[in-house]
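Hi,

Here is the structure I promised to pass on. My notes on a pair of helices follow it.

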Amino acid sequence: PKMYREPMHRGYFEHIKTMMAPAGEGIGYGDGGNFHSALLPILEKGAAVFGDGEYRYQAIAHLKRNYGVLFSGGHTIHGVLWRWMDAGRWCDDSVTPVAPKATSVITHEKKLVMRSGQSTLAVTSYDGGSHGHFDANAICKFVHGDAVLLGDGGYRFKAPLSHNRLLWRTGKPDGPLLDHFRRTETVVYTPASGKTVFSKPGPAGGVDKHWKPGAREMCVEFLADFPEFTIARTNLNAQRRTIILDRNGRCLLFDNLRAETEVTAANVLYFRDVLSQGEAWVRGRNSQHEDLVVQFLSPARQHMESQIRNKRTETAVYSVRQGSFPGGNWFVTVLSPAAPDHDTREVVSSIKFAARDSAQIVTISQPDDTPVLYACQSNNRSLMQLPGGIETDALAIRLTNTTDGLHATLVRATRLNAADEKLVTLPEPDDRRLTIPGLKLPKPN
């Protein structure tokens, strides 16, 4: 029907398609979870109405992934079957399934979905909202292939502490550190409206405690796709986050937090199971298919606390900073997918970190020992001073050695100098890719 092709209706269909990982995993956020029985009929209807094979592909993948889950308990069987009957009526087997393109997008609901290689990473945009989910700038889903590496707090776990996010609050904790971010919520049922209202007298965990929706919205400053990686920068009040997702599935998080008064800040991530740990790294598991190695590069120390989340005991792993930093201070974290038989020491030792006044630098040694350097500008629009005599005002940069010289990918740059030679000069910040003959990155110490 013509109604489905109206911009608003089609936008809803496209949003559902966008919020699916390649292996059929739903990217849940807020009230949404990994699975909802309505997803299958919506995807089948989209394929039939628009003749779009990507909807069909996602419908098939979602069915295969969740068929066993549906009847294992926790779902209303008649509701599932009712919706699946719609899927059966609406499906069009003549539409050929087409694998979706790995494209990064900002959805019409302002959700950031980053894709690179076999990885999908989604970041939510609002704190609060009508249903009270305090998850702005949080990683609600990190998927690599079939493996869910990080997941969200879910429907009944809405408080800031239940999400994979950076939290900050004035003062110091009196007891366990994460209790400093715990909020009190009073649930009031109003028979007249049939709605549940959440009052929020406690701290909002990284946002103003007062009800100011405009102050709680995450802003995506930029999003850019390159052959080797995807990069985005987000902004939430005092927090500016740069996210790099590379083709191998590794995620780099550069978080800058500004605080005029003394605060306690924690960068929190959740695991169902912790497998091993070191002074500044944790290997955990949220999926049977693959593990995740979290390296806290700055500050270089990890902490752990048990928390009730998603109706079970999970482990919150985090790094901490305390104090005032009006000029900003950094949390630098690397998330590396690892096969169950992959040696953690090999993962950890391949990554080196250097903090300079001008740049936060992460260097990754590839299996052939070729270094790949990612750097994020420490001070807005200052010149980054990088190994190899490189200077640039780029907001971020990727450097690696090739047979032809040093290959550089500049993000939002106006200039690049190498050995006092001006190689790039632009009137406005832009992205550039170039190879600099005769230059090589030294191997990291």
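**Helix α1**

Helices here are DSSP runs of H or I, at least four residues, numbered from the N terminus. The model is predicted: local features need pLDDT of at least 70, side-chain atom pairs count only at pLDDT 80 or more, and totals for chains, interfaces and linings use all residues. Residues are numbered from 1 along each chain as its sequence is written, and side-chain values use heavy atoms, without hydrogens or water.

**Helix α2**

Helix α2 covers residues 39–50. Among the buried ones are Glu44, Lys45 and Gly46. Just after α2, Gly51 has a positive phi of about 60°.

**How they meet**

Which residues of α1 meet α2? They are Arg10, Phe13, Ile16 and Lys17 (contact: heavy atoms within 4.5 Å). Their partners in α2 are Leu39, Ile42, Leu43, Lys45, Gly46 and Phe50. The contact residues divide into six nonpolar (Ala, Val, Leu, Ile, Met, Phe, Trp, Tyr, Cys, Pro), three charged (Asp, Glu, Lys, Arg) and one polar (the others, Gly among them). The axes, lines fitted to C-alpha atoms over the stretch in contact, come within 10 Å and cross at roughly 120°, on a scale from 0 to 180 degrees between N-to-C directions.

Best wishes

Technical notes:
Helix = DSSP H or I, 4+ residues; strand = E, 2+ residues; numbered from the N terminus. Expected span 1.5 Å × (residues − 1). Buried < 20%, exposed > 50% of the residue type's maximum accessible area, 1.4 Å probe, protein only.
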